[in-house]
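Here is a short briefing on one protein chain. Keep the structure open as you read, and find each residue as it comes up.

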Amino acid sequence: MKLAPRLAVLLAAAVVAATACAPQTSDNSSSGKDEKSGTLRVWLFQEVNNKPKEKVVDAVLAGFEKAHEDTEVTVEYIPVETRAQRIKAAFNDPKSAPDVIEYGNTDTAGYVKDGGLADVTGDFDAWDEAADTDPTARQSVTVDGKVYGAPYFVGVRALYYRTDVFDELGLEPPESLAELASTAKKAHAAKPGLYGIAVGGAYTYGAMPFIWANGGELASGKGGSYASAIDSAAARKGIEAYTSLFGDDNCPAAKCAGMGGNDTVTAFASGKAAMAIGGDFSHQAVEAGQVKGKYAVVPLPGAKSGSIAPAFAGGNNVGVLKSTSHRTLAVDLMKRLASKKAQGDLFDAMGFLPTFTDVRQQVAAKEPFVKPFVDTLAAGTEFVPASAAWATIDSSQVLPTMFQEVVSGKKDVAAAAGDAAKKMDDAFGSAG
């Protein structure tokens, strides 16, 4: 899943990266070569403000070229929106393909199925820094027990709330999802011009924690074989908890059913909501809004009082293409780009949360706003099914359609979840 620059519009990029489809077919295969000199090509994602990222990357490349004589690296920063087409073309034309790419972590399974990424399991396991990788981050580069890249950065969401509104109304930050709902309705009742909590029917990654917190899952299975679990009793309980926030007593369906993550954060930042679910990457947008100095952030509470709801661990990875003719050099460059130092520098430059637990604690000590997000990560995160089918499920809006059918009154939770489960199973079946 793609996340964007420090304290900026990372959320929009996250949605784009999560929903873009992975390549479907490829003739890509190993070159059988492992040249120790020459030019390596790298594709990284273009950020809204790319200069700080370029500075970090340039420092990594300078160290790499110094360590490897007769080598040079060329970097192309590609638009996130068109990355699916570019990477598909690279998989199908190894001669023009890069050696190393940055890719959204929800794309891993699809790229592996298409034969584009090199298996770097042995290299990753032998890397001394890898031991400190967050387990969910490692999961995002793993398919069928094999590793196909190095985690690059991670992003999660937590609960933003208006301190001025809460103080005025005598409210406390909610400690459970039930308290979240009641607090939202109290805020809206006292201030009808505000959403108690801004929610969106198209905000998939804001809704998922409600499912996980209630013991539900998106799908069951492993090893590339999955079946939908979105219509289980526990998942339906989570769907009910999320969709109950849509209505005239909080966030009217007519206004909120079509809202996505960006819309909910914008509503909060502009002073139109008492609460919103936003990412560490939403911080700058909120700081630039009307609520600057009048808000705080806590982890999104879980179903039990005092617990933290599992968040979706979004982010990006760096991988080596199977077609590279410089495998050893490409793997070394991958490790350097995703190293502890580089990730720390990326946080300083862009606000990307490191995937190493120790480095994450270090940046949290430097930047207090990071703490609730680090606490959320420490409490345990979840990920989407490691299946090539996820790109189809996500891009075809299966889950947003389900939420919107419920909040619009077209279907009850059981019917909407049942239909969504059928669509997911069709996608899993087609993916093999």
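H326 is found in the loop between β13 (314–320) and α14. The model shown here is predicted.

- H326 has 6% relative accessibility, so it counts as buried, the cut-off being under 20%.
- Which residues does H326 touch, not counting those up to four places away in sequence? They are K33, D34, E35, S37, G38, T39, L40 and D99.
- E102 lies in a strand, β3 (residues 100–104).
- E102 counts as buried because its relative accessibility is 1%.
- Leaving out residues up to four places away in sequence, E102 touches W43, L44, F45, E47, K53, Y152, F153, N316, N317 and V318.
- G261 is 159 residues from E102 along the chain, and the C-alpha atoms of the two are separated by 23 Å.

**Helix α2 against helix α14**

- Helix α2 covers residues 51–67 and helix α14 covers residues 327–337.
- The two helices pack at an angle of about 140°, and their axes are 10 Å apart.
- The crossing of α2 past α14 is right-handed.
- On the α2 side, the contact is made by V57, V60, L61, G63, F64 and A67.
- On the α14 side, L329, D332, L333, R336 and L337 take part.
- What kinds of residue make up the contact of α2 with α14? There are 8 nonpolar, 1 polar and 2 charged residues.

**Helix α10 against helix α20**

- Helix α10 (residues 233–243) and helix α20 (residues 413–431) cross at roughly 120°.
- The axes of α10 and α20 come within 10 Å.
- α10 passes α20 in a crossing that is right-handed.
- From α10, the contact uses R236, I239, E240 and T243.
- From α20, the contact uses V413, A414 and A417.
- The contact of α10 with α20 has 4 nonpolar, 1 polar and 2 charged residues.

**The buried side of α15**

- Which residues of α15 are buried? They are K340, A342, Q343, G344, L346, F347 and M350.
- These buried residues of α15 pack against α2, β6 (150–155), α14 and α16.
- Just after α15 comes G351, with a positive phi of about 85°.

**Aromatic rings**

- A pair of aromatic rings is described by two values: the distance of the centres and the angle of the planes.
- How many aromatic pairs does the structure hold? The number is 17.
- One of these pairs is W127 with F356, which is edge-to-face. The centres are 6.1 Å apart, with 85° between the planes.
- W127 lies in the loop between α5 (121–126) and α6 (135–139), and F356 in the loop between α15 (340–350) and α16 (357–366), so the pair ties together parts that are 229 residues apart in sequence.
- W127 has 10% relative accessibility, so it counts as buried.
- F356 has 1% relative accessibility, so it counts as buried too.
- Y152 and F153 form a tilted pair, with 5.7 Å from centre to centre and 45° between the planes.
- Are Y152 and F153 buried or exposed? Both Y152 and F153 are buried.
- One aromatic cluster is formed by Y160, F268, Y295 and F373.

**Charges over rings**

- K340 lies over the face of F356, at 5.7 Å from the ring centre.
- R86 lies over the face of W43, at 4.5 Å from the ring centre.

**Positive phi without glycine**

- D144 is not a glycine, yet it has a positive phi of about 50°.
- Where is D144? It sits in the loop between β4 (142–143) and β5 (146–147).
- D144 counts as exposed because its relative accessibility is 54%, and the cut-off is over 50%.
- Q397 is not a glycine either, and its positive phi is about 60°.
- The place of Q397 is the loop between α18 (389–395) and α19 (398–407).
- Q397 has 34% relative accessibility, so it counts as partly exposed.

Notes: Residues are numbered from 1 along each chain as its sequence is written. This is a predicted model: local features need pLDDT of at least 70, side-chain atom pairs count only at pLDDT 80 or more; totals for chains, interfaces and linings use all residues. Side-chain values use heavy atoms; hydrogens and water are left out. Axes are lines fitted to C-alpha atoms, for helices over the stretch in contact, and angles run from 0 to 180 degrees between N-to-C directions. Helices (H or I, at least four residues) and strands (E, at least two) are DSSP runs, numbered from the N terminus. A crossing is left-handed if the near helix is turned anticlockwise from the far one by less than a right angle, and right-handed if clockwise. Contact means heavy atoms within 4.5 Å. Ala, Val, Leu, Ile, Met, Phe, Trp, Tyr, Cys and Pro count as nonpolar, Asp, Glu, Lys and Arg as charged, and the others, Gly among them, as polar. Rings of Phe, Tyr and Trp (its six-membered ring) pair if their centres lie within 6.5 Å; planes under 30 degrees apart count as stacked, over 60 as edge-to-face and the rest as tilted. Buried means under 20% relative accessible area, exposed over 50%, partly exposed in between (1.4 Å probe, protein chains only). A charge sits over a ring if NZ of Lys or CZ of Arg is within 6 Å of the ring centre and within 35 degrees of the ring normal.
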